[in-house]
Amino acid sequence: GGWQELQSHSLVSPNAILEEKEKKEQVVLRSPRAPEYAALRVSLLPNHIAVAARAFRDGIRDIAIFEVGPVYQRNGDEYHEPLHISGLC
């Protein structure tokens with residue numbers, strides 16, 4: 001099959017696997033509704049890994065997914081919302 005486009009959630013766990021630079025850029029919410037959705041994503045890849053892991057558990061071995069979407073970064077008092085593209089196969 002071909003590539004399938006994702007539209008994953010912008011809210012993620014602040015404990016996602018991140019590089020040190022990404023941890024410094026992460027925007028954490030002051031009053032999250034749930035701890036697993038307490039930060040804004042700084043990368044699209046952790047969501048893609050979670051989708052692939054779920055598919056693998058369900059017996060799907062051939063996966064090709066991509067997403068074009070914003071990530072959210074903090075640099076001191078400045079906030080940025082760059083558009084990223086990410087894929088996993």
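I read the elements from the N terminus on and noted the run β-β-α-β-β-α-β-β-β-β, which gives two helices and eight strands in the chain. Helices here are DSSP runs of H or I with at least four residues, strands are runs of E with at least two, and both are numbered from the N terminus. I kept in mind that this is a predicted model, in which local features need pLDDT of at least 70 and side-chain atom pairs count only at pLDDT 80 or more, while totals for chains, interfaces and linings use all residues. Residues are numbered from 1 along each chain as its sequence is written, and side-chain values use heavy atoms, with hydrogens and water left out.

For the overall extent, I noted that the C-alpha atoms fill a box of roughly 45 × 25 × 20 Å along the principal axes. Of the 89 residues in the chain, 34% are buried (under 20% relative accessible area, with a 1.4 Å probe and protein chains only). I also looked up the contacts (heavy atoms within 4.5 Å): among those in the chain with a separation of 6 or more, 57% join residues 24 or more positions apart.

I then turned to an open sheet of three strands, in the order β2-β4-β3 and with antiparallel pairing, where strands pair if DSSP finds at least two bridges between them. Its edge strands are β2 (11-12) and β3 (27-28), each pairing on one side only. Between β3 and β4 (residues 39-40), which run antiparallel, I found two bridges, and Val 28 stands opposite Ala 39 in β4.

Note on methods. Buried means under 20% relative accessible area, exposed over 50%, partly exposed in between (1.4 Å probe, protein chains only).
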